[in-house]
Every structure is written in C-alpha cells, then in structure tokens.
Amino acid sequence: MRRTLLIMGLAAGVALIAGSGGSFLEASTSVEFDALVDRYLAEVRGVGAGVEAHDMSAAAFGRDVEVQRRLLGELRQIDRDTLSFDEDIDWRFLESILRGNIIRGENVQRWRQDPRGYLGISRGWSVRPNRLNYLLTVDPRAPEARAADLLDGLQLMQVRLQNGERNLRQPIHRWVELADDLIEGLVVVLENSLPAFAGRLQSASLRQELLDESVSALAALNDYREFINTDLMAMPEGDFRIGADVFNDLHEARYLFPEDNIHLRRIALGSPGFTRVPGYHDWGWKQFEIIKHHLEVKASRIDPERTWLQILRDEKEDHLQAEQLVYEHHEAARASRDWVIDNDLVTVPWDSDDSIMEAADPSLWSSQWWGFGPGVPAGQTVTRRSAWRIIPVAPDWADDVAEENLSEKDRSFMYAIATHEVYPGHHLQRLYANENDRRLRVYESSYSNQSWCYYVEWELTPDPKYGWFPPDKQEIYALETLRLKLWRLGRVIIDSGLHGGDMTYEEAVDLESNVIGFVQRGAQINIDGITAGGSSTAAPTVGYYQWMLLREDYFQKMRELNQRGTLKDFHDRVYRIGFLPVVLVREALFHELEEEFG
C-alpha cells in the first residue's frame, strides 16, 4: 500500500494526514511507554485537564527536577527491546529532553535571576505573556470560555508575582529593564483590551469578576515593578554565564551533539568535538568569515562601489511607511502559502489553515522589535488559524526610534523572513505536528524546528527558480537573506562566547550592530534573547547543516533503492516524522525508506 501511495502521488498521503492525522509511523505497542509519555506531558508540560498549574515557587522548581529525575529513571527501566521502532525513537527523544531539563534545572536557574519569567499566565512555566494575547485576540472559543481561562490566568499570575518576590535574588540590570517594558505592556492590555473584551460577555457576574480580577492584577504588577526596581536591584548582581561544562553537557544531552557523530564531523570537515566549546566558538568564527566573504563577492556583482552593508542599508532607507506596515506584512504572510503550493514544495493538506495577520500594541511588545504571534497551540485541531504579529510604530516614539524600527521591517527583511515564520516554516510545522500520531511529537519539538526554518530561509526562499522575491529585487533580497545567515552564525559566536565567558554583552551588541548591520536597539534585543537561553540559541545553526547533509543523503539513498527522490517527497517525509533532533529524524527517515523500498 505504501508503494502504491507513492506511485499514485501525494494526494492519497494528503488524505492520510488531513483525515486520521496519519503518516507511516508505526502504531504503539508498549502500554508502559505510552503511559510514561502521558505522565511526562501532564507532570512536566502541564498537558491535560485538571493538571495543577505551575506556581513558580522555589519548591515547585525543585519538584520539577525531582519529577524529571524520577521519570528518567523509570524510562531507563523500560526494556527497549519490547518497543517498536518509532517508540524507540521517541524513547531516545524523551531521554534527551529529560536529561537536558535536569541539567538546566540544576545549573541554569533563571528563576533566581529573570523577573520576566513570572509575568506569564499559561499553566506551564512560560517566560512570555503570549497566552494573554491568544485568549483576547485569536482563541476561537466563545467569549465565556475564554473569560474563564483569563480569570484563572490572572489569579495564577498574582501568585507567581508573589513567588517572584521571594525567589529573585540575583539581579541582572538589563533583564529588569526588559521586565519593566513587559509590565508596561501588560498594564496597557489590562486597562484597555481586557475591559473591551469583558464588554462582550453575556454573563454580568462573570464580566464583573473578570474586571475585578484585572484590578487586582494591576495592583500586583505595580507592587512587583516596585520590588524589582528597588529591593532586587539592591542585591548582588548575577551573571548570565553558565560555564563551558554546562554548555557542552546541554549540547550533548538535549540536542544529541555527541563528539563522535560522523555526520557532525562531516559538517566540521573532520574536526572532532567542534560542537563543544572552545572549539564551537572557533568554528562559529570560521563559518562567519566564510559567509562574510560570500557577501562581499555577491555585493561586488551588484555594485562594486559599495560594500554589502552599504547596499543593504541604502535599500532599507526605502522602507514601508508606518501606515503600510501591517497590511504589507499581512499580504506577505498570505502569499507564502500560495507560493508553497504553486511551487509544489510540500503538501498543504488543509483548506482551513490560512494565517491571519495582527497588529500588536507597541507598548505590549516594547521589549521586542519585529513581533511574533500567538500561534496555533500544541494539540489544537479545532482551528488552524494563527497570527504572525507585527508591531506597528507607536505614536509617541521619537522620530529616530520610529525610523530605525521601520528600516528593520523593510521589504527585504519581510520577504526573507515570511517563509520562515509562516509557510513552509513555523506555522505549517505546527499544523503537521498537531496531526502527528506520536503524542510526544505533538507537544515537543527540538532545535531542528528552527533549523528547518533556516533551511527554508537560506535555501528555498532566495532560489530564483521558485520566484518568491520580486524579479527586480532578486539580487538585493538574496543579499539580505545571506546577511541573515551571517546573523545566525553570529549566534554561535555570541551564544558560546557569552555563556562560556569569552565575550561581553557590549562586544556581542557591537558584533550585531557594527558588523552584522542591525540598529543598536535591534541588536540589543537579539542579544537579550541569547543571554536568557543558555546554549539554545546557537544549536539551530548546527541543525541547518545537518538538514543539508540529510537532504543530500536522502537522494543518495533513493538512488541506491532505485527510486526517484524528489524535493517534495523529502520535505513531506520530514514534516510527517516531526522535528526531533536531526540524528533521530535521519534514522526514522531511512528506516521508512527501507520499509517501503528495501
């Protein structure tokens, strides 16, 4: 049957994906393993009705580590010989997650340092208040159901803020500044957006209860803001470095970057251990310089009188106007779907998956620059709509701030990033994940999720045969795409440098602004994301190289099996398997090919 499906084309495969959520994954055979996955999702990820919300107390964080250590022990007691192939892949995926979480929980305790972490309202541990936006603007349920969740979330946030005042003991000044920005945005939402939403409720008692709770939440936010700017700032300053040993342990455990992996060594042209600092830092610089050279060569063909950075900065001066910003990005988001279908790049099996575009209140996202959206939640199949959120220019921004913001949201960046964020990038990835037969893969992904979007952005988006860029802008927009590749290689340097102690915050900002070309504020925001991560920001860059090698090996394998490999077939298989660490996707993909054609 599988061979027939391929011969008939992907139409039948579309029916499988869209109907039963199916793929060629094997059915579960181990009740014990399935039960352990369910317990992990409930106890660690907070998946399921009746699961106790994470209150972010010190005791809760301690329990997190103990729960995961116990689950890891139970996982290792399972006889892997009794598991199906796909179950064994998930066994290794879950082991990597638990090992990585334990290392982070013991050694990267941001809950003692980062005041932003206490501002979320989702039931799991969330460092961003995206859930509030989702409930107010995107959630397809009736207002009453959303209001009940809002009420629960606001009560939870107040408990977390109290625990934040107890837990935070190592101030990092920049993180306090960013927390102030987030609080400012939350105040705007609670004072303006939430009352407007409450006005839609039919139940007068629920409406009043929600409004009263928002008043209590506002008071709690003001108390918290006073605490982090006075009491916390008077404490000895913390450090966002995690050290080389922890960085390397995370690479090996969470991302499955072992020193002796032959495919990783192919990336590094034979250099063993390049994913471990200090070698990782050096590899990042080497690749960075290679891309800089390519930028120089490409720029010389466009205009030999200007550098690549001058060409792009001149292009960005001709940016969208503030009143055009949201609509133009909306059009790009919608166009990315048609582009994927027209070029037959990957199967899009759904008619109800069109992405929407929203403008965020600038004050809510003042600690951001471009914007991101409340996407389709994991496990959600009722609706496939999500938002790629764009942040408009605030009327009270200074002229130079507004100009810098618009210059970084110019058409070259918009075209380069739309396919990464929407189709065939993150939005389509989530739609496929929600239909995956393997429950762990619905709710968990890995660094390879972002790595795949790099692959889309750097390999598919600028390819002139697919015609995504306007023809008259092909060379300049492709130059911008190459600059974004330089940006992500810079993350290897910065991530390893900051967390290993070989680079200061100021040096990182200088690299992003004066070399890579972001404006100062944009550079700061990029670095802020890296400092909070603790090795996670740079791992996707390695993953891009892994995907490229896997694509090459897929075509080689298809030739060995006397089959005609196609780019779409490769893409479809990856989406169906899910975005696990690439080493696991590799095994799953070749196992699948052997089963079908071997």
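Q: Which side chain is joined to that of Arg141 by a polar contact of 2.7 Å?
A: This is a predicted model, where local features need pLDDT of at least 70 and side-chain atom pairs pLDDT 80 or more, while totals for chains, interfaces and linings use all residues. Residues are numbered from 1 along each chain as its sequence is written, and side-chain values use heavy atoms, without hydrogens and water. A polar contact is a pair of N or O atoms within 3.5 Å, one able to donate a hydrogen and the other to accept it within protein; residues adjacent in sequence count only if both atoms are side-chain atoms. For Arg141, the partner at 2.7 Å is Asp149.

Q: Is Arg141 buried, partly exposed or exposed?
A: Arg141 is in the loop between helix H6 (130-138) and helix H7 (143-167); helices are DSSP runs (H or I, at least four residues), numbered from the N terminus. Buried means under 20% relative accessible area, exposed over 50%, and partly exposed in between (1.4 Å probe, protein chains only). With a value of 33%, Arg141 is therefore partly exposed.

Q: How far apart in space are the C-alpha atoms of Arg141 and Val382?
A: In sequence, 241 residues separate Arg141 from Val382. From C-alpha to C-alpha, the distance in space is 9.4 Å.

Q: How many of the 16 residues of H25 are buried?
A: Helix H25 covers residues 582-597. Its buried residues include Val582, Arg586, Glu592 and Phe597. H25 is largely enclosed by the rest of the structure because the number of its residues that are buried is 12.

How values were computed. Helix = DSSP H or I, 4+ residues; strand = E, 2+ residues; numbered from the N terminus. Expected span 1.5 Å × (residues − 1).
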